[in-house]
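Visitor: Could you walk me through this model? I'd like to start once it is on screen.

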Amino acid sequence: MKTLWQHCHVATMAHGKYSIIEDAAILTADGLIEWIGPRSEAPAGQGVDLGGAWVTPGLIDCHTHTVFGGNRSGEFEQRLQGVSYAEIAAAGGGIASTVRATRAATEDELFASARKRLVSLLRDGVTTVEIKSGYGLDLASERKMLRVIRRLGDALPLSVRATCLAAHALPPEYKDRADDYIAHICDEMLPALAAEGLVDAVDAFCEYLAFSPAQVEKVFLKARELGVPVKLHAEQLSSLHGSSLAARYQALSADHLEFMTEDDCKAMAAAGTVAVLLPGAFYFLRETQLPPMDALRKHGVAIAIASDLNPGTSPALSVRLMLNMACTLFRMTPEEALAGATVYAAKALGLGASHGSLEVGKVADFVAWDIERPADLAYWLGGELNKRVVRHGAEVIVGDITCG
Ligand code: DI6
Ligand code: FE
């Protein structure tokens, strides 16, 4: 069926700009955009009146850890009393505590809690989301997480990409044996999980309190052998040049990046690796080192914005709130921020050819917002905006999808 969505203005986000079409129409057919342009030139189709809404691509949250057991609001209270994230981690809390809770949870329990969080994102206008494993840290538990991630994609009207983050932290059974754990990831975990079709990308945490660049490189080599693209948590707390390493492996993205150097920016620009900035984690950890915005812009690195939704450093349930933080904290423009959660987020997931902007031939995932202008998406602090969500050319009745 062909549908002509009309009586709207569109910010197509083509080429990373608003690229506005006023008084526009979008013709969708078989889940794709068949035509888009001024309404006066539109071809025929069954019409839907969008009531003067502003249409944008569906939001894409390209970096989340949505699946986890337990929560860490107790640690949040501790941190507010002066205990640092690193101290909590050293005392067996932090990621390790979420690993314990995630290992103890059943697949159904993980599914149910993650589903609630995903519904929040969906209500916020998200149509594509990436979710990482990385709280299992053994083959059975990583598999459990990745299966939950696949199930979430089947159960909800969202496109879900699964990233294996087995190299997130050192599991307790490998204490003081990080190289052995990396070997286990490369020899056992990645081959098995990739063969089961559970892995769309491979990620690692390159940091002094996690894995060294040399260890990450082993994981990248194995991913390359398996034909799976890579991403990297890099330069979040210190400068190890993980982002340059990611660029050398043509990573889809390097993420966090507060401590990256100008040379890292050049390497990423040359490789086409997207810089995924995570203002929620910056805010929640009360960091002060800003990502090098001027150098990123100067060298033309594509910048994406994501929630980093996770229990320790960014319990963020709204991508729009992240757009606001990208503007207030990182001094991005609302236009750059929206490009970061659409067209460049798609690129960070390897979906640049099919998702992220409203252009002929791309997937018809879009949101019709009851707003005055596109900047409103970065302006309002959270809350729920009136909207209509269209996925694969069909309207998703968001209100009917409950958290329960
Ligand atoms: N960086 C982060 O901010 C999260 N993971 C990572 O590599 C933190 C995850 C957590 O604390 O549970
Ligand atoms: Fe993360």
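Visitor: Is His-233 buried or exposed?

Guide: His-233 is buried, with a relative accessible area of 3%, where buried means under 20%, exposed over 50% and partly exposed in between, with a 1.4 Å probe and protein chains only. This is a predicted model, in which local features need pLDDT of at least 70, side-chain atom pairs count only at pLDDT 80 or more, and totals for chains, interfaces and linings use all residues. Residues are numbered from 1 along each chain as its sequence is written, chains are lettered from A and ligands numbered from 1 in the order in which they are written, and side-chain values use heavy atoms, with hydrogens and water left out.

Visitor: Which residues coordinate the iron ion (ligand 2)?

Guide: His-63, His-65 and His-233, each through NE2, and Asp-308 through OD coordinate the iron ion (ligand 2) at 2.1 to 2.4 Å; donors are N, O and S atoms within 2.8 Å of the metal (3.2 Å for Na, K and Ca), and water is not among the atoms, so sites may look incomplete.

Visitor: And how are the donor residues spaced in sequence?

Guide: The spacing reads H-x1-H-x167-H-x74-D.

Visitor: What about Asp-308, buried or exposed?

Guide: Asp-308 is buried as well, at a relative accessible area of 1%.

Visitor: Switching to ligand 1, which polar side-chain atoms lie by its nitrogen atoms?

Guide: A polar side-chain atom of His-168 lies 2.8 Å from a nitrogen atom of ligand 1, while a side-chain N or O atom of Gln-236 is 3.0 Å from a nitrogen atom of the ligand.

Note on methods. A polar contact is a pair of N or O atoms within 3.5 Å; within protein, one must be able to donate a hydrogen and the other to accept it, and residues adjacent in sequence count only if both atoms are side-chain atoms.
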